[in-house]
Amino acid sequence: MSSTRVRSKLRVALTTLTTVAVAGATATVVSAPAALATRSEKTWNETAYRGHVEVLRDNGRPADPTVLTGRVFIDRDRDSVSNRRERGLAGVEVSNGRDVVTTDRDGRYRLPVYDNMTVFVTQPSGYQVPVDEFNVAQFHYHHLPEGSPELRYGGIAPTGPLPAAVNFPLVESKLTRSQEQHCVIAGDLQTYNQTEVGYARKGAIDDLARRHDYQGCGSLFIGDVVGDDLSLYPDVKRLTRLTNGPARFLPGNHDLDFDATTAEHSFDTFRAQLAPAYYSYDVGNVHVLALNTVRYPCTPEVDNVDGTRPSCNDPVNQPRYTGRLDENQLKWLERDLARVDRDKLVVVASHIGLLNFADESSPIHQVAQVREVYDLLKRRKAVAVAGHSHSIENLRAGDAVKGWREVYGVEGLPFPHITAGAISGDWYSGEVTGEGYPTALQRDGGRPGILTLDVRGSSFKERFTVTGESDRVQTQLGVNSPTYREWYVARGEWNDEPQGPAPELGDPHVIDRADLAGRTWLTTNFFMGATGSTVRVRIDGGGVRPATRTQQMRGESQLAGPEWSDPTAAAQQLVHGGSLADRTMHLWRFELPADLATGPHRAVVTATDSYGREFTDILNFRVVEQR
């Protein structure tokens, strides 16, 4: 997310409301794999293929310095060195980031050469590229003879003359051949210091270390891998060493070399340490596009594809970066997709999302060429996954909001778009829990965690795992009453100009009878809730009644303010700092009956997602004659 956002570092305790909601949670989960129970017969570390790309220089400079040649081969002895007994693999895509070629029957390829190019292989299904000691996938080679310009964090060291050959080793893999894949999508790790590296390790990384269901597809960290301090990349790699599958990365706006003067070198340190700026790979019947959607520096002289100027041509805001794809990447994307079978599921992964709900009217925090990308994906099975906004969004095909139409001319989404939430949550704010990481409620009130795409063939189901919790925890319950809304406004005004004692909300579970007559809702923040999801409520064993989704996603404006907020999250955020959950696309509310008797009550809430999976949560509250 924007580097100008204020990052609250105050530590806050979860309110009683959240504690009750989590403690009372039960669920019936259909078809989601038991992540802790799917351990393979052998662990990842016992079977991982470790190695590197083979770069040959001992034969001197190539005969033609304008063409790079090499070979994709089956590394039978797993030593990363090609020999005559190891056959080449035909039909594999290799790219220089602009051109895409396919290997011949001997596994050989030829690619045009240009300065500052990254050559990479697209891993085919049924094969695995090597990983290093930190589980980071090894499938690329940078060509930058003189190295990066002087950069604070080093960039790319001089690579020297073009090698005689760059060979890409692969091994056969049942894991990547399987039609069942579990792809971990990890948003915004975004560690700013060693303390936050420790939070990540004790939180989401520890969760991944316990899981063994993603060895084939691996984990994809979708940008903002660190928080501006690129010297933390080695620490991040020590975190991925604890995971159980290949780790891949794509760049975010906090992974930039901010001292780069041109976009050409703005991700050199990221590229040197982690991955190409963009690339693709296959597992099962899935084709993953890992895109770079961050343009920096934000130079107004560059035109968008449709002839308009990019959003950085704003004389008022003058952003440091914007969401867009450069010309080479668009050429590569078109050529890459032209070689992808139409029966495959295409996962479009990026940091800044193609479109999202949180920033639906922003030309900076969405992608300028979104309609061009949609055109390339016409009539394909696709899903977009992104990070950046520190929120959880499960947007379905056909969903629409006013900003998309006004800014981009998009009337409705052509395929699902999922914002994966953030490992860091709200920038590691909140109380440090007993498990050693902060609560960090996000902009939409959602809790920190990790997205997984559970894939069978070319179909998928998404699931969100809250950090430190089982997959049963999918909701957060609250009470939105007139008393709460009055406090919300008063507390916000006091935060702007603190004078005298701060307004106190009191126990949010205690409801004044007068509030029942003035519209009081039981709220359900259903983290992966989407169009097609339902929420039902039963009070004190009575009849089951439906709750209403606050944001219908039918082309309306974004609804924001106390009436549309998550009271559980906002009650903490207004007191302890951080983002404010004053809007979300996955909040349901149920009007409490005005004739509820004085005394204790019990609400049983059942949230059902679009796949029929049910999650049950319980909230206990009390009605009094007067607070």
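# Briefing on a predicted structure

In strand β30, Trp588 is the bridge partner of Arg549. The model described here is predicted.

**Strand β30 and its partners**

- Strands β29 (residues 548–549) and β30 run antiparallel and are joined by 2 bridges.
- Strand β26 (residues 521–526) also pairs with β30 in the antiparallel sense, over 5 bridges.
- Within that pairing, Asn525 has Leu587 of β30 as its bridge partner.
- Thr523 is placed in strand β26.
- Is Thr523 buried or exposed? Thr523 has a relative accessible area of 1%, so it counts as buried.
- Leaving out residues up to four places away in sequence, Thr523 touches Gln476, Leu477, Gly478, Val479, Asn480, Pro567, Leu587, Trp588 and Arg589.
- Among these contacts of Thr523 are Leu587 and Trp588; Leu587 is the bridge partner of Asn525, and Trp588 is that of Arg549.

**An open sheet of mixed pairing**

- Strands of a sheet pair through backbone hydrogen bonds, in either a parallel or an antiparallel way.
- An open sheet is formed by 5 strands in the order β13-β12-β11-β22-β23, and its pairing is mixed.
- Which strands stand at the edges? They are β13 (247–250) and β23 (459–466); each has a single partner strand, so one side of each is left without a neighbour in the sheet.
- On average, neighbouring strands of this sheet are turned by 25 degrees against each other, with direction ignored.
- Strands β11 and β12 run parallel and are joined by 3 bridges.
- Ile185 has Leu220 in β12 as its bridge partner.

**The disulfide**

- A disulfide is a covalent bond between the sulfur atoms of two cysteines.
- How many disulfides are there? The count comes to 1 disulfide.
- The disulfide joins Cys183 to Cys217, with an S to S distance of 2.1 Å.
- Cys183 lies in strand β11 (residues 180–186), while Cys217 lies in the loop between α4 (194–210) and β12 (219–222).
- The two cysteines are 34 residues apart, and the pair links distant parts of the chain.
- The link of Cys183 and Cys217 is right-handed, with 100 degrees about the S-S bond.
- Both Cys183 and Cys217 are buried.

**Aromatic rings**

- The structure holds 15 aromatic pairs.
- One of them is formed by Tyr278 and Trp332, whose ring centres are 5.2 Å apart.
- The planes of these two rings stand at 50 degrees, so the pair is tilted.
- Tyr278 is in the loop between α6 (268–273) and β14 (279–283), and Trp332 is in helix α7 (residues 327–337), so the pair ties together parts that are 54 residues apart in sequence.
- Tyr278 is buried, with a relative accessible area of 11%.
- Trp332 counts as buried, at 0% relative accessibility.
- Another aromatic pair, Tyr484 and Trp487, is tilted as well, at 6.3 Å centre to centre and 35 degrees between the planes.
- Tyr484 and Trp487 both lie in helix α10 (residues 482–496), where they are 3 residues apart, about one turn of the helix.
- Both Tyr484 and Trp487 are buried.
- Phe120, Tyr278 and Trp332 are linked into a cluster by ring pairs.

**Charges over rings**

- Arg98 has its charged end over the ring of Tyr114, 4.2 Å from the ring centre.
- Arg248 has its charged end over the ring of Tyr281, 3.9 Å from the ring centre.

**A loop residue, Asp106**

- Asp106 lies in the loop between β5 (100–102) and β6 (108–112).
- Asp106 has a relative accessible area of 42%, and is thus partly exposed.
- The C-alpha atoms of Asp106 and Gly88 are separated by 4.7 Å, although these residues are 18 residues apart along the chain.
- Not counting residues up to four places away in sequence, Asp106 touches Arg71, Gly88 and Leu89.

Notes: Residues are numbered from 1 along each chain as its sequence is written. This is a predicted model: local features need pLDDT of at least 70, side-chain atom pairs count only at pLDDT 80 or more; totals for chains, interfaces and linings use all residues. Side-chain values use heavy atoms; hydrogens and water are left out. A disulfide is a pair of cysteine sulfur atoms within 2.5 Å. Helices (H or I, at least four residues) and strands (E, at least two) are DSSP runs, numbered from the N terminus. Buried means under 20% relative accessible area, exposed over 50%, partly exposed in between (1.4 Å probe, protein chains only). Two strands pair if DSSP finds at least two bridges between them. Axes are lines fitted to C-alpha atoms, for helices over the stretch in contact, and angles run from 0 to 180 degrees between N-to-C directions. Rings of Phe, Tyr and Trp (its six-membered ring) pair if their centres lie within 6.5 Å; planes under 30 degrees apart count as stacked, over 60 as edge-to-face and the rest as tilted. A charge sits over a ring if NZ of Lys or CZ of Arg is within 6 Å of the ring centre and within 35 degrees of the ring normal. Contact means heavy atoms within 4.5 Å.
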